[in-house]
Structures are given as C-alpha cells and as structure tokens.
Amino acid sequence: MTESAPAEGGRRQRRHEATAEEIKQIARDLMAREGTSSLNLRAIARTMGLTPSALYRYFPSRDAILTALIVDAYDQIGETVEEAIAAAPVDPTSTAILAGVHAFRRWALEHPQEFALIYGPVVPGYEPPVYEQTPAAMRTGAALLGLLVRAMEQGLLQPPGDDSVPAALRPALVEVGQKENTDLPVGATALAMQFWVIVLGMLSAEVFGHLPRPLLTVSREFFDLTVRQTLLAMGIDPVAVAAGVSPLD
C-alpha cells in the first residue's frame, strides 16, 4: 500500500498534466480558427466532451488559460533564440546576432497565432498577471541584449554617451534597464531598445501581412538587409557586420 500510493500519485499527476496540455492545444486551435476573442471555457469543454465545471480543476478561468498560453509562447521563442545563439560561433562578427534574430523570425512565421498572442493587440477583457509572465517574457530580449553586450566587450560597438539621450527619456530608460537587470548606461539601453523595436516591427509587418506585395517573395532577404543596416546604424564595426553569416531557412 505504501509503495503503490506514490506510483498512483505520479500517474494522477501525469494525467492531470496531459489533460492540461490538451486543453491548451484545443484553446490554440479555437483561437486559430475563430480568433482570440472567441476563447471561452464552454467552447473548450464542448470540444472535449466535458462540462465547463470539469475544466476548473485545471484552469480556474479563461484568463488562466490565456496566461498559460502566453507563458508557453514566450518560453518557446526564448528557447528557440537561445539555442540558435548558443550554436553560433563566438567570434568578432555579427554571425551570432544574425542567428538570433533569424531564429526569432522563423519562429514567428511558423507560429503566427502565438506571435499575435504575445506581440499583437491585448485580448479584449484580459488582464495579464505581470508577475507570472515576466520571467518568460524577458528571455528573448535578454538573449539579444546579451549579444549587444558581447559586441561591446569585443570592441565591435561603442554605444553613444548618456548625454546623447534627451533628458526627458532618461528616467524611462533607467527603469527599463533596472527591469532588464542590466548595468548598461542610459545610452546603451536606448540603443538596445531601438534595436528591439526595429526587429519586432519588421516581424510584425511580415507576420500580419503589412509588407508590400513585391517584398513578400524576398522577405527573408529584406529582413536580413534591414538587420545588417540597423547594426551599422548602431555603430557596430562594418567589417564585423559584413563578415556575419546569415543562417539558411
């Protein structure tokens, strides 16, 4: 009796986790077909052949399911970018940066619903619990920020001084740096945020279909060119940018 109890508890836990994953997958499918605003416990329960009350053992509300999906998406893209960077050489070129942002782009194109969930408009009526999402949400940005820090350590990038940033912006950038847990000066933080916004803007334009039609057939090449020119505008050594090897899709 004492030996079988832990085994039975383990089986129950595995069944619970499997059902929770099934609920999340059904939620993803519903949102892909009908949009995020259509997500509700009744629709999920109906698909699973359960009563809505049966789902409360796994998720207490629609918002709890959305939070789980958002955290999963943040973790998936974070892991994808981290793995791409880890596989890239640590050399004095832009290869690792290109590996990271191209991995970000591939994930976004392969998971447009999840990309929209975390980087698109907020789902109507959803109040995200920031304390649950923050660690996962920071993974991708932290990975790319680490590459910019590496470029500075390698002498490939000299960020602008703090005096180049308008005084009205400095408190906000200090707050951003504190949230990202970096010791970067304000000028470097501004540069990192500009890079992030440009990359995210390019991905949003492509995922949400806002690129001009002629560019759609060469969107990867346009993305790569824009990233490289952004790195040059940031002040990264032109030789390092030119020597960077872009990954193949």
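Visitor: How many aromatic pairs does the structure hold?

Guide: Six aromatic pairs. Keep in mind that this is a predicted model.

Visitor: OK, take Phe 104 and Tyr 119. What sort of pair do the rings make?

Guide: A tilted one, because the planes sit at 55° with the ring centres 6.0 Å apart; over 60 degrees would count as edge-to-face. The pair links distant parts of the chain, with Phe 104 in helix α5 (residues 95–110) and Tyr 119 in helix α6, 15 residues apart.

Visitor: Is Phe 104 buried or exposed?

Guide: Buried, with a relative accessible area of 0%. Tyr 119 is buried too, at 17%, where the cut-off is under 20%.

Visitor: And what do Tyr 119 and Trp 196 form?

Guide: An edge-to-face aromatic pair, 6.3 Å centre to centre with 65° between the planes.

Visitor: Which residues form the aromatic cluster?

Guide: Tyr 74, Phe 104, Phe 115, Tyr 119, Trp 196 and Phe 208 form one cluster.

Visitor: Back to α6, then. Which residues are buried there?

Guide: In α6, which covers residues 112–119, the buried ones are Glu 114, Phe 115, Leu 117, Ile 118 and Tyr 119.

Visitor: Why do they line one face of the helix?

Guide: Looking down the α6 axis, the buried residues fall within an arc of 165°, so they line one face.

Visitor: New topic: where does Arg 105 lie?

Guide: Over the face of Phe 223, at 6.0 Å from the ring centre.

Methods
Residues are numbered from 1 along each chain as its sequence is written. This is a predicted model: local features need pLDDT of at least 70, side-chain atom pairs count only at pLDDT 80 or more; totals for chains, interfaces and linings use all residues. Side-chain values use heavy atoms; hydrogens and water are left out. Buried means under 20% relative accessible area, exposed over 50%, partly exposed in between (1.4 Å probe, protein chains only). Helices (H or I, at least four residues) and strands (E, at least two) are DSSP runs, numbered from the N terminus. The arc is that of the directions from the helix axis to the C-beta atoms. Rings of Phe, Tyr and Trp (its six-membered ring) pair if their centres lie within 6.5 Å; planes under 30 degrees apart count as stacked, over 60 as edge-to-face and the rest as tilted. A charge sits over a ring if NZ of Lys or CZ of Arg is within 6 Å of the ring centre and within 35 degrees of the ring normal.
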